[in-house]
Amino acid sequence: QVQLVESGGGLVQPGGSLRLSCAASGSFFSIETMAWYRQAPGKQRELVASITSGDRTNYADSVKGRFTISRDYTKNTAYLQMNSLKPEDTAVYSCNADIRLAYSSLYYWGQGTQVTVSS
């Protein structure tokens with residue numbers, strides 16, 4: 001059974017930093033794209049950043065220059081380094097991964113981690 005486990009959320013003051021981690025575990029062939037999404041109260045879920053298996057990255061305009069997504073292939077883990085955080089970054093952040101199994105490819109979601117930016 002494949003699982004994605006996120007960690008690193010919390011409360012931070014405006015201008016501060018956090019690093020989120022998303023670790024994939026279980027039995028699978030490979031991980032293709034990994035991505036971070038977020039959903040703020042009363043808003044739709046939005047893509048924050050994604051990274052392919054070839055390390056091509058994509059960012060939402062609202063986080064460009066402040067957030068960095070990366071991967072550690074030896075640990076099957078993706079990271080989201082968030083700097084210069086703003087109150088509008090407050091949301092539940094969820095990890096998504098396109099995981100290739102023996103005979104299929106499926107998208108998996110983590111449980112989500114709360115990020116709150118407030119003074």
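Predicted model: local features only at pLDDT ≥ 70, side-chain atom pairs only at ≥ 80, totals over all residues.
Trainee: Let's start with cysteines. How do you know that Cys-22 and Cys-95 form a disulfide?
Mentor: A disulfide is a pair of cysteine sulfur atoms within 2.5 Å. The sulfur atoms of Cys-22 and Cys-95 are 2.0 Å apart, and they form a disulfide. By this rule the count comes to one disulfide.

Trainee: Why is the disulfide of Cys-22 and Cys-95 called left-handed?
Mentor: The torsion about its S-S bond is about -75°, so the disulfide of Cys-22 and Cys-95 is left-handed. This pair links distant parts of the chain, with Cys-22 in strand 3 and Cys-95 in strand 9, 73 residues apart. Strands (E, at least two residues) are DSSP runs, numbered from the N terminus.

Trainee: Why is Cys-22 called buried?
Mentor: Buried means under 20% relative accessible area, exposed over 50%, and partly exposed in between (1.4 Å probe, protein chains only). Cys-22 has a relative accessible area of 0%, so Cys-22 is buried. Cys-95 also counts as buried, because its relative accessibility is 0%.

Trainee: What makes a set of residues a nonpolar core?
Mentor: The set holds buried Ala, Val, Leu, Ile, Met, Phe, Trp, Tyr and Cys residues joined through side-chain atoms within 4.5 Å. Here the largest nonpolar core has 32 residues, and Trp-36, Leu-80, Met-82 and Tyr-93 have the most contacts inside it. Several strands each supply at least two residues of this core, including strand 3 (18–25) and strand 4 (30–39). Strand 9 gives the most to this core, with five residues.

Trainee: How do you know that Glu-46 and Arg-38 meet in a salt bridge?
Mentor: A salt bridge is a side-chain nitrogen of Lys or Arg within 4 Å of a carboxyl oxygen of Asp or Glu. For the side chains of Glu-46 and Arg-38, the N to O distance is 2.6 Å, and they meet in a salt bridge. Asp-89 forms a salt bridge with Arg-38 too, the closest N and O atoms being 2.9 Å apart. That pair links distant parts of the chain: Asp-89 is in the loop between strand 8 and strand 9, and Arg-38 is in strand 4, 51 residues apart.

Trainee: Why is Glu-46 called partly exposed, and why does Arg-38 count as buried?
Mentor: Glu-46 has 33% relative accessibility, so Glu-46 counts as partly exposed. Arg-38 has 6%, so Arg-38 counts as buried.

Trainee: Which residues are linked with Arg-38 in a network of salt bridges?
Mentor: The network links Arg-38, Glu-46, Arg-66 and Asp-89. The whole structure has five salt bridges. One of them joins Asp-61 and Lys-64, with the closest N and O atoms 3.1 Å apart. Asp-61 has a relative accessible area of 64%, so Asp-61 is exposed.

Trainee: What makes Tyr-79 buried?
Mentor: Its relative accessible area is 12%, so Tyr-79 is buried. Tyr-79 lies in strand 8. Contact means heavy atoms within 4.5 Å, and, leaving aside neighbours within four places in sequence, Tyr-79 is in contact with residues including Arg-19, Trp-36 and Ile-69. Tyr-79 and Arg-19 are 60 residues apart in sequence, yet 6.7 Å apart in space, C-alpha to C-alpha.

Trainee: How do you know that strand 7 and strand 8 pair?
Mentor: Two strands pair if DSSP finds at least two bridges between them. Six bridges join strand 7 to strand 8, and the two run antiparallel. They form a hairpin with four residues between them, and Asn-76 in the turn has a positive phi of about 50°. Arg-71 stands opposite Ala-78 in strand 8.

Conventions: Residues numbered from 1 in each chain as written. Heavy atoms only, no water.
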